Amino acid sequence: MVLMVRERAGPTGRERGSATLEHAVIFPVLLLIMAATVQAGLWFFAREVVLAAAEEGARAASTEGSSAEAGTQTAQDFVDRTAGHLVNDVTTSGRRTATQATVTVSGRSLSLIPGIDGFTITQTAAFPVEKLT
């Protein structure tokens, strides 16, 4: 004698609603990963802008007849033109000796995390001072 067993197509009583529960657990984790990726991108962009501003400022300060103040102003102008509101609380400082011009730019990257002001970024660039011979 052969017994035919019929399988049910849908979930059994214990498995009912498990897909909804899985999505409720996985969805916030995926959102957190996406937000962290965007935050990392904002930090990286801010870091690159601050570094480029320091390089521009050091380059301007190193030219013949220039000064450290000209370099810091160039760096500040670069951040203002390039970053907009993505880099906040920008400070610049510069130093020029007989052989080297150095500019340091600091700022805070934009933060997506409520309650956190952003991540501090500091970059320094130095160029040799031009001497016409």
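User: What should I know about the model first?

Analyst: It is predicted, so local features need pLDDT of at least 70 and side-chain atom pairs count only at pLDDT 80 or more, while totals for chains, interfaces and linings use all residues. Residues are numbered from 1 along each chain as its sequence is written, and side-chain values use heavy atoms, leaving out hydrogens and water.

User: Why is Leu-21 called exposed?

Analyst: Buried means under 20% relative accessible area, exposed over 50%, and partly exposed in between (1.4 Å probe, protein chains only). Leu-21 has 56% relative accessibility, so it counts as exposed. Leu-21 is found in helix α1, residues 18-62.

User: What makes the contact of Arg-47 and Glu-48 a salt bridge?

Analyst: The term asks for a side-chain nitrogen of Lys or Arg within 4 Å of a carboxyl oxygen of Asp or Glu. Arg-47 and Glu-48 have an N to O distance of 3.0 Å, so the pair meets the definition. By this rule there are 2 salt bridges; Glu-56 and Arg-59 form one of them, at 2.9 Å.

User: And why is Arg-47 labelled partly exposed?

Analyst: Its relative accessibility is 26%, so Arg-47 counts as partly exposed.

User: How do you know that β1 and β2 pair?

Analyst: Good one! Two strands pair if DSSP finds at least two bridges between them. Strand β1 (residues 87-96) and β2 have 8 bridges, in the antiparallel sense, so they pair by that rule. Asn-88, for example, stands opposite Arg-108 in β2.

Terms used:
Helix = DSSP H or I, 4+ residues; strand = E, 2+ residues; numbered from the N terminus.
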